[in-house]
Amino acid sequence: MYAKISNNLNRILTFANKFNPTIIAVSKYYTVNEMREAFKVGLNNFGENRVLDAIEKINLLEEEITSKSHYHLIGHLQSNKVKKAVGVFDLIHSVDSLKLAVEIDGIAKQKNIVQNILVQVNNAGEEQKSGIAPSQLEELIEKIKMLQNVELKGLMTIAPLTDDEAYLRKLFCEMRELKEKFHLKELSMGMSNDYKIALEEGATMIRLGRTLFE
């Protein structure tokens with residue numbers, strides 16, 4: 001397993017190194033043992049979809065790993081899980097409404113911390129996916145910036161599953177332009193099937209599961 005993840009990572013880095021992205025190992029479908037192996041090869045950013053599953057895994061990992069790792073919530077965050085998520089995740093990628101941002105801010109205030117977040121943008125307009133429309137972004141960003149216990153670090157998007165490279169490139173390029181327009185630092189986009197295009201178009205964080213672990 002160690003050799004497999006190591007080989008996969010080396011192959012990914014051959015392309016990715018020149019872009020110097022944060023590689024998030026999407027561990028949502030993988031075991032604590034596989035997370036340990038990923039840590040051994042130098043990965044210390046882990047992405048999870050479900051709050052309770054992530055907490056369970058974190059509690060099973062050794063302190064040496066948890067103290068040096070960063071956890072990313074990349075799945076939709078339900079209101080009833082905000083209290084558990086805030087402070088556990090270094091970065092919540094999936095904020096898609098002012099209501100959710102305000103809830104995160106309130107819990108962060110109670111815990112006396114500042115919670116880092118990304119705003120999820122659905123610029124492909126896919127009905128089944130979370131995320132706000134680009135046209136709503138400016139207003140949301142302005143309101144989030146008024147919150148004291150939330151720090152907006154950037155934007156996130158989940159591109160459609162398609163082989164249409166030109167379309168993916170267009171979507172990722174739009175996201176980069178939005179990031180630059182609002183002077184944000186991070187852009188989380190690109191997964192196992194499209195991370196190369198995402199990097200070429202300006203991703204600062206890529207979320208890799210299958211291509212890393214399998």
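The residues lining the second largest pocket divide into 9 nonpolar, 9 polar and 4 charged, where Ala, Val, Leu, Ile, Met, Phe, Trp, Tyr, Cys and Pro count as nonpolar, Asp, Glu, Lys and Arg as charged, and the others, Gly among them, as polar. The model is a predicted one, in which local features need pLDDT of at least 70 and side-chain atom pairs count only at pLDDT 80 or more, while totals for chains, interfaces and linings use all residues. Residues are numbered from 1 along each chain as its sequence is written, and side-chain values use heavy atoms, with hydrogens and water left out.

The second largest pocket holds about 390 Å³ of space and is lined by 22 residues, of which Thr22, Asn45, His70, His72 and Met205 lie nearest its centre. A pocket is here an open set of points on a 1 Å grid over the protein atoms alone, where a 1.4 Å probe fits, with protein on both sides within 12 Å along at least five of seven lines, and lining residues have an atom within 4 Å of a point; grid points are joined across faces, edges and corners, and a volume is the space filled by probe spheres set on the points. Helix 1, strand 1 and strand 3 each supply at least two residues of this lining, the largest share, 3 residues, coming from helix 1. Helices (H or I, at least four residues) and strands (E, at least two) are DSSP runs, numbered from the N terminus.

The largest pocket has a volume of about 920 Å³, and among the 31 residues that line it, Lys28, Tyr29, Asn49, Ile74 and Gly75 are the closest to its centre. Its lining comprises 12 nonpolar, 10 polar and 9 charged residues, with the largest share, 3 residues, provided by helix 3.

Strand 1 (residues 22-26) has 4 of its 5 residues buried, that is, under 20% relative accessible area with a 1.4 Å probe, protein chains only. Strand 1 runs parallel to strand 8 (residues 205-208), to which 4 bridges join it, with isoleucine 24 opposite arginine 207; 2 bridges join strand 1 to strand 2 (residues 45-48), also in parallel, and there alanine 25 stands opposite phenylalanine 46. Two strands pair if DSSP finds at least two bridges between them.

Strand 1, helix 2 (residues 32-40) and strand 2 form a right-handed β-α-β unit, the path from the first strand over the helix to the second running clockwise with the strands pointing away from the viewer. Just after helix 2, glycine 42 adopts a positive phi of about 105°.

Definitions and conventions. Buried < 20%, exposed > 50% of the residue type's maximum accessible area, 1.4 Å probe, protein only.
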